[in-house]
Every structure is written in structure tokens, then in C-alpha cells.
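Please open the model in your viewer and show the side chains.

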Amino acid sequence: MKRITILTLLLGLFTLSSCEKYLDINRDPSNPQVAEGYVLLPPMFANMAFGEQFDSRFIGKYIQNWGEATANDTWDRMGYAPGSDNAGNIWRTHYWNLGENIRLVLDDAKAKQKWDYSGAAKAIFAWSWQTTTDYHGEMILKQAFEPNRYVFDYDTQEEVYAYVRQLANDALTDLNRTDGAVSQASLARGDLAYGGDRSKWIKFVYGVLARNANHLSNKSTYNPDAVIDFCNKSLASNADNFNVPFTAGGNSSLANFFGPSRSNLGTYRQTDFLVSLLDGRVFNGVVDPRQSILTSASPDGVYRGVTVTQGDPNNVNNNTKRIPTVWGEVANLVVSGTTPGKYIYRDGASFPILTYAEIQFIKAEAAFIKGDKATALSAYQAGIGAALDYAAVSGADKAKYLASAAVAQSASALKINDIMLQKYLALVGHGIIESWVDLRRYHYSSSVYTGFTPPSTEQLYPDNNGKLVYRVRPRYNSEYVWNRASLDKYGGNAIDYHTVEQWFSLK
């Protein structure tokens with residue numbers, strides 16, 4: 001009996017040892033079985049960009065970055081698509097693509113004392129909470145990610161705003177830690193945006209805080225000094241921009257979502273509003289050096305744009321007045337496959353999540369509201385310069401434009417619409433959600449957004465009941481299918497819910 005027992009034990013040890021060696025031999029470093037931060041960060045970056053890009057296709061029509069080639073498009077009319085997940089990707093990105101993965105990064109970082117990874121994860125989540133609430137309004141905060149729950153209650157936007165500040169401050173604490181396993185080389189393994197540079201992550205967090213504080217400009221509690229302070233600690237040049245990289249050639253799924261290979265903007269056309277900001281009609285007859293970069297001329301050499309809800313009346317092949325695609329192509333609606341694209345509408349173009357130009361315009365607006373016109377002028381001019389550099393405008397053209405009548409040359413001449421219109425131009429094609437926040441804060445005012453004309457009452461989508469759009473309804477397949485009773489508690493099932501003004505823009 002003893003001999004059998006010893007033999008059994010020896011066989012068991014041999015089997016266990018062999019199994020461990022087998023697992024070691026067959027462990028694939030390219031497909032790890034344990035979620036680690038460096039593996040999770042790259043797809044999170046991609047989803048940050050894709051979430052905004054997917055939904056910006058629709059919101060870009062609300063703010064007239066672009067419009068549809070055909071007339072009476074639902075989104076041109078500030079409407080929505082009932083029973084559809086169109087414009088619901090930011091919601092999905094926040095709760096699905098980022099949410100649980102953030103937790104996995106945080107768990108791995110805590111276990112291994114990788115405070116730089118936990119700081120980066122919290123920074124991304126603070127940005128996502130901010131973006132999602134500015135987009136949708138009320139959302140699920142306290143009960144989010146609770147296991148075994150199938151119905152979720154919504155929380156107020158004010159609570160989400162407070163949570164963004166808490167999360168951002170937690171991120172700063174982690175990013176400033178130097179103990180544990182903090183290492184630029186380690187963070188760089190997964191950090192496609194900043195290469196493991198924690199100082200840039202810290203600046204990014206302050207940028208999120210600047211947005212959070214500045215979006216409350218209509219409230220009595222608005223603190224322009226706090227906004228300016230956040231901006232001063234945020235991005236210091238275009239070298240600090242948070243860019244999500246993409247690749248050209250080969251697998252189109254790795255290309256920029258707005259690039260020609262993926263053909264997601266084939267029927268989209270530049271608007272007359274955008275063209276008017278570049279051709280001299282708005283800015284004292286000065287043609288913007290970004291005109292041929294942000295827009296394209298028709299075959300006859302004239303820059304045209306669609307008027308909201310009217311489409312392009314010349315949208316037929318071989319018409320020399322036809323408005324080009326955003327890639328600069330004119331001949332056909334379907335991309336030929338050889339179009340290189342332009343600006344951020346290229347396969348290999350990086351997609352910016354936050355830019356130095358935006359931070360400078362936020363600072364300029366806060367200083368202007370405070371009454372510090374000198375600081376406002378300096379930040380405003382720095383923002384324009386940064387935007388021109390980002391668009392690769394030549395040094396000579398940049399200097400000429402900055403000295404022109406298109407740009408306020410003194411503090412006394414500076415107006416709020418100068419700041420907001422130049423910010424709009426700096427964010428064309430990539431800062432669409434932030435631009436929509438601005439338009440809503442100023443209630444689509446034509447005195448601030450010179451030349452911007454929303455659809456008339458007759459042109460608006462029927463469910464709007466004559467009102468302009470102020471929010472996107474929560475994602476259809478998760479909320480209107482599974483969580484409808486919770487929506488009822490605050491009016492989310494009303495057909496005109498998308499026109500209800502959000503807390504952030506109310507006084």
C-alpha cells in the first residue's frame with residue numbers, strides 16, 4: 001500500500017510539473033491570459049477616437065461642420081433616428097469599450113504598484129465621463145458596473161460633473177507618485193499617445209478640468225480664475241496634443257475612421273457656414289490660409305458649401321459647380337480608392353482628442369468673461385497660431401494672417417465672437433463635441449456665431465416641436481430596449497427629449 005501511495009504521489013508531481021512546463025511553453029505573449037495595462041491601453045485609445053468619430057458624423061451636421069449632399073437629411077434638421085443606435089457610440093464606448101477595461105487596468109496597476117498606469121486610466125475615464133455627459137446629459141453613475149444588475153437608475157449631470165473632478169484629481173495624485181513600479185519605459189509599452197511621459201498626462205488631466213470648469217460659464221458659480229489656472233497647467237504647445245495614431249495602407253480597420261479607405265464620409269459636404277468663415281465674408285474680407293485645407297473648391301474653382309437641409313443642388317457627375325467630398329474628391333460619390341484625402345481626413349492621420357489650440361481658446365474665453373482683455377487677447381492669438389500650425393500653414397502665411405484684419409489686434413477690439421469663431425475653426429472635423437458644447441452654451445446665437453443659421457421651425461425634424469437640439473438620447477439598444485422604465489423617471493421617453501436643455505448650459 002505504501003509503495004502504491006508513493007508511486008501515486010510521484011506520478012502526481014510529475015504530471016503537475018509537466019503541466020506547468022506545458023503552460024509556460026504555450027504561453028503566447030501576443031495573446032496574454034491575464035489583462036495587463038500595456039495590452040489594454042492601445043485599444044482604449046482607438047475607442048476614444050472611434051467613439052467621437054462615429055457620432056461626430058451626426059453631430060457635425062448639428063453644428064454645420066458638414067451637411068448631407070441630399071436635401072432634408074434627418075440630422076441636418078437637428079433630428080434623430082428612432083429605433084436606431086445611430087449617434088449612440090459614445091454611450092457604448094464609455095460603458096463597454098472603456099468601462100470594464102478601465103477597471104482591469106486599475107486592478108493590475110494596484111497589484112503591481114504601477115501608479116502611472118492607474119493615473120492614465122483615471123485620466124481617460126474622467127475625459128470619457130465628461131464627454132458622455134456633455135453629449136447625453138443625465139447618465140448612469142452610481143449603479144454603473146454593478147454586477148448582476150439589469151436595470152439602472154440615472155444620475156444628474158451635476159453629480160457626473162463632480163465625479164469628473166474627483167476622478168481627475170485622483171489621476172493627478174497617481175501621476176505624481178514616484179514610488180512603486182512607476183517607469184516611463186513601462187508606461188510607454190502601452191502609451192501610444194504620450195510615450196509614457198507622465199508630465200504630458202498631467203497636462204491632459206488639467207485640460208479635462210479646464211473643460212469641466214469652463215462648460216459652466218452660464219452659472220453664477222462659474223470661476224474664470226480656476227479655468228485660467230487649469231489652462232496654464234495644461235497643454236503648453238502642439239507637442240502636448242493628445243493624438244490617437246492610425247496607419248495607412250494594409251488593414252483598413254487600422255486606418256483613420258475619417259480616411260478615404262473607410263469611406264464613412266462619402267456623402268458629406270462642407271457647409272456654407274464653414275466656407276463663410278474662410279472666404280472673407282465673416283472676417284473682414286480676409287481669405288483664411290486654411291481655406292484649401294479645411295474645404296475644397298468645386299471644379300470651376302469656386303468654394304461652395306451646402307445650406308442646411310438643402311443639400312447640393314449640383315450633386316451630379318460632371319457638374320463643375322458640384323461640391324467636393326471632405327477628401328477633396330469631386331468626380332463620384334463613391335471613393336475611387338486612390339484619393340489620398342487631406343487634413344485629418346487621411347487614412348494615416350492621427351485623430352486629436354485634446355489640442356493646445358483648444359486650451360488657449362478656453363483660456364481666452366474665461367479671461368474675456370472675467371474682464372481681463374489683455375490675457376484674453378494673448379491666449380486668443382496663441383490659439384489661432386497653434387491652429388494654423390496644426391493645419392500646416394506656412395510661416396509666412398501664418399504671420400500674414402495673424403497681422404490681418406481677420407484677427408483682433410488689440411484688447412479693446414477683441415469680441416467674444418472673435419474667440420468662439422476661431423475656436424470653431426480650430427476644432428473643425430475633430431473637436432465636434434466640444435464645439436457643440438459651445439454652441440449650446442451660447443444657445444446657437446448668431447451674434448456669437450456670425451452667419452450660423454439653424455434650421456427654421458418648418459425645416460426642423462417633426463419630433464422637435466419647433467425646438468433646437470440640446471442633447472442626444474441614450475443608446476437605443478441598451479436603454480430604450482432594456483432600461484425604459486428608468487428613462488421614464490426623468491422624461492427620457494418623450495419624443496422631443498433631445499431638445500431638453502442640459503444642466504451645464506442652464507443658469
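A salt bridge here is a side-chain nitrogen of Lys or Arg within 4 Å of a carboxyl oxygen of Asp or Glu. The model is a predicted one, and by this rule it has 30 salt bridges.

Start by selecting Asp 107 and Arg 103. Their closest N and O atoms are 2.5 Å apart, so the pair meets the 4 Å cut-off and forms a salt bridge. Both residues sit in helix α3, which covers residues 89-112. Because Asp 107 and Arg 103 are four residues apart in that helix, about one helical turn separates them. Asp 107 is partly exposed, with a relative accessible area of 41%, and Arg 103 is partly exposed at 40%.

Next, select Glu 68 and Lys 61. Their side chains meet in a salt bridge, with 2.6 Å from N to O. Are these two residues buried or exposed? Glu 68 is buried, with a relative accessible area of 10%, and Lys 61 is buried too, at 3%.

Now go to Asp 155 and Lys 142. A salt bridge joins their side chains, at 2.8 Å from N to O. Both residues lie in the loop between α4 (115-136) and α5 (157-175), so the pair ties together parts that are 13 residues apart in sequence. Asp 155 counts as buried, at 10% relative accessibility, whereas Lys 142 counts as exposed, at 51%.

For the last stop, select Arg 211, Glu 358, Glu 365, Lys 423, Glu 434, Asp 438 and Arg 441 together. Salt bridges that share partners join these residues into one network.

Notes
Residues numbered from 1 in each chain as written. Predicted model: local features only at pLDDT ≥ 70, side-chain atom pairs only at ≥ 80, totals over all residues. Heavy atoms only, no water. Buried < 20%, exposed > 50% of the residue type's maximum accessible area, 1.4 Å probe, protein only. Helix = DSSP H or I, 4+ residues; strand = E, 2+ residues; numbered from the N terminus.
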